[in-house]
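Let's take a look around a protein model together. Keep the sequence and the 3D view open, and follow along as we go from rings to a helix to a sheet.

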Amino acid sequence: MTFAIAAPFVPSLPVAGDDMRFPIRRIYCIGRNYAEHAKEMGASVERSQPMFFMKPADAIVADGADIAYPPATADLHHEVEMIVALARGGHDIPREHALDCVFGYGVGLDLTRRDLQAAAKAKGHPWDAAKGFDASAPASALHRVADVGHPRSARLSLEVDGELRQQADIADMIFDVAAIIHELSRLWTLAPGDLLYTGTPAGVAALRRGDRVVAMLDGIARLEGRIV
Ligand code: MN
């Protein structure tokens, strides 16, 4: 087969301790998955029905790379989140088999143009421009399940220029990893290469050009970058 234009490249992330890279197909995100964050956003804490949105796969920014401050916003917010990478997919995946799909774990930022999100919420418009912009998904290297297991409790944190901005334990997630995979697979057929951003704890705030960010999932993954 010959393409009429050069085929787009496959976005990917490094795999810790390995020369091979993890190719990314889709990026799914869950909103309002920590009660304290839902409260700070003035949203209700919904425990029966998760809320999902997506980012494009090429929104990924690798660990150590500069993160471009996006256009059309005066209020770029950080949201530190645990990332789950899938090696297997399917539809209607039962909770008890969901973790069998996981390739590994990382930590990332669900960057958000908060001013555009507020405007979209007010008008009942979709969130794509607020969430799915270029370079909106900085992500660490991925750590294989064989190396880190399936973490159920770990400290998730974000420092900006050495100041602690966000801190929580992933055990506080309203929907855990198995529940997120189960719920997503009722709405979409999941596939190898899918990344899941699992929601942010309280403490979201603005980033400025020149800020140095360090995101940590203790004992598992680390991400560094600079807003430029
Ligand atoms: Mn988020």
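## A charge over a ring

Start with Lys55: its charged end sits over the ring of Phe133, 5.8 Å from the ring's centre.

A quick note before we go on. This is a predicted model, where local features need pLDDT of at least 70 and side-chain atom pairs count only at pLDDT 80 or more, while totals for chains, interfaces and linings use all residues. Residues are numbered from 1 along each chain as its sequence is written, and side-chain values use heavy atoms, with hydrogens and water left out.

## Rings that meet

Rings of Phe, Tyr and Trp (its six-membered ring) pair if their centres lie within 6.5 Å; planes under 30 degrees apart are stacked, over 60 edge-to-face, and the rest tilted. That rule gives four aromatic pairs. Phe22 and Phe103 make one of them: their centres are 5.0 Å apart and their planes at 40 degrees, so the pair is tilted. Phe22 belongs to strand E2 and Phe103 to strand E9, 81 residues apart, so to speak two distant parts of the chain. Both Phe22 and Phe103 are buried (under 20% relative accessible area; exposed is over 50%, partly exposed in between, with a 1.4 Å probe and protein chains only).

Tyr28 and Trp188 form another tilted pair, with 5.1 Å between centres and 50 degrees between planes. Is each one buried or exposed? Tyr28 is buried, at 1% relative accessible area, and Trp188 is partly exposed, at 27%. Together with Phe52, Tyr28 and Trp188 are linked into a cluster by ring pairs.

Now find helix H3, residues 114-123, where Arg114, Gln117 and Ala120 are buried. They cover an arc of only 120 degrees around the axis, which puts them on the same side of H3; the arc is that of the directions from the helix axis to the C-beta atoms. Ala122 and Lys123 are exposed on the other side. Helices (H or I, at least four residues) and strands (E, at least two) are DSSP runs, numbered from the N terminus.

After H3 comes Gly124, with a positive phi near 70 degrees.

## A five-strand sheet

Five strands form an open sheet with mixed pairing, in the order E6-E17-E16-E13-E14. Two strands pair if DSSP finds at least two bridges between them. Strands E16 and E17 run antiparallel, joined by six bridges.

Conventions: Lys NZ or Arg CZ within 6 Å of the ring centre and 35° of its normal.
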